[in-house]
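Have a look at the picture, then read on.

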Amino acid sequence: MNRFSIVLGLASTLGTLLVGQDTPDRVTVPFRDAAKARTLVVVVVNGGMTIRGYDGKDAIIEANSRGGPSRGRLRLPSAPPGMHRIDNQNSGLDISEKDNVVTVNGGIMHSVDLLIQVPIQTSLKLKTLNGGHLTVENISGEIEAENTNGAVTITNVSGSVLANSMNGRVTVSLDRVTPDKSMSFSTMNGIIDVTLPADVKARLKMKTDNGEIYLDDGFDVKLDASSRAPVVSDRRSSGGRYRVRLDRTTYGDINGGGPEMQFTTYNGSILIHKK
Amino acid sequence: MTCEEAKTLLSEYWSQTLDETRELAFDAHLAGCETCRAETERLGVLWKSLALLPVEEPSANLRGRFYETLGAFRQGLESAPRRSLREKIVSFWPRQPAWQMAVSFALLVLGVGVGYEIRPEKQEQPEVAQLRGEVSNMRQLVALSLMQQQSAGERLRGVGWAYQVEPSDTEVLSALLKAVNQDSSVNVRLAAADALHAFGASPGMRKAILEAIPKQSAPLVQIALIDLLVDLKKKEATPDLRALAADQAVHAGVRQRATWAVEKLQ
């Protein structure tokens, strides 16, 4: 079993924080003010995470260590003569709460898979670098998710989403969207698969170099006539230059248009479904 | 009965319309008064001879002539310049509501037209320019303040506002460059790199983009910046792009893009 080192990043003026340590691999952290907006920040270098909304008030953090130093770690020096190394099982997880923001920092050396349950109405800022899925379910709020070497899957959520993956697929399914919020979905080498509610109003900005764009038949999308047409900018009057360029971006208004919704991928396709 | 009273009864006496009591009193007066008797006789002859005169009938032309005269009189009355100023103004006002509206509207148009013609030109122009400046400042303020927000969604909105400021706005430009270099969200960095297109004519742009590329952790943003150099036709960036294409530490996709950019810029 792993031990957790729980570092409470709190100034003494903030008073005491109740941290209930249920079991060694399960930590409950309450959000200080139930009436205020909640935010969960998670940064994991090695490992994946699943964030799930539940009908409660606290953040419940569970960790499953993959055991041992991560693959990316440098080879350990051999033990000095007459000595042996004991396995350092400290996962290095660092959990803190301040101003209704719960921050979870994964250790650098150990690979860990996190399962975090938070109240449904919580905003998320999630970042993971190596080896793992980033999954979000049943959340209502502003969701920011970035995964470098894995997929991002966000389902059954409401609010607004900014999702990015470098080498993975980005799958997002929104039940409801917050009006007037900009959104952005991007991946370098994967597919962007976004499901939007039927009544969403947005200005679509879609860009793919080596992929295709697919729109749901059920959506009323009006593509700009100027899309994929040369863009002329004339700045000669203000001492600039006259320029014509071919924009690789396709623009369109969905249900009459609204805030900007950006889709960017280089080697994947863009799929926009209707819920 | 006095002589005076008797004289008032004379005409009635001759026309024989006096009642019995007054006729008796009149006769009694005549019997006793010589002057009145003589007067009554003398005038009585004239009265009787008047009755003998034939009754004059109006000719057929008279009626027509009368109405002509009446018409001419009325006409004269209407064209008479004797009405007061108030009456004149009132007489211009039509009775029909539709015409009233038409007149009102015509007056309004006339007023606006006159107002526009006589507007003080030299004062108006700086005011419009000032207003435009204020709107531009407001957009700048919105863009800058949103780009400093905690929430990435708000910062993304701020980048969207950057499209609406003047391309000469150096403050917004530096905020965008800062976002490209330092923002924690890849999506915000990506949007900021796209927004730099509008500021392509700014001096130092090529240098700023070339400095930003190696700082990037996200290849997606690096590619967006390389695309920006190509779109802005920054030929001077070719040696740097060639070096980038050869750098093994750089993501393969980025190197490929840099190679493509070098070809494109030639």
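## Before we start

Two strands pair if DSSP finds at least two bridges between them. Helices (H or I, at least four residues) and strands (E, at least two) are DSSP runs, numbered from the N terminus.

This is a predicted model, where local features need pLDDT of at least 70, side-chain atom pairs count only at pLDDT 80 or more, and totals for chains, interfaces and linings use all residues. Residues are numbered from 1 along each chain as its sequence is written, while chains are lettered from A and ligands numbered from 1 in the order in which they are written.

## Strands in chain A

Which strands pair with strand 23 of chain A? Strand 17 (residues 213-215) of chain A does, in the parallel sense over three bridges. Strand 15 (residues 192-196) of chain A also pairs in the parallel sense with strand 23 (residues 270-274) of chain A, over five bridges.

## Two helices in chain B

Helix 9 (residues 152-161) and helix 11 (residues 186-195) of chain B pack at an angle of about 5°, with their axes 9 Å apart. (Axes are lines fitted to C-alpha atoms, for helices over the stretch in contact, and angles run from 0 to 180 degrees between N-to-C directions.)

## Where the chains touch

Here, 20 residues of chain A are in contact with 18 residues of chain B; contact means C-beta atoms, placed from the backbone, within 7 Å.

Key
Two residues are in contact if their C-beta atoms, placed from the backbone, lie within 7 Å.
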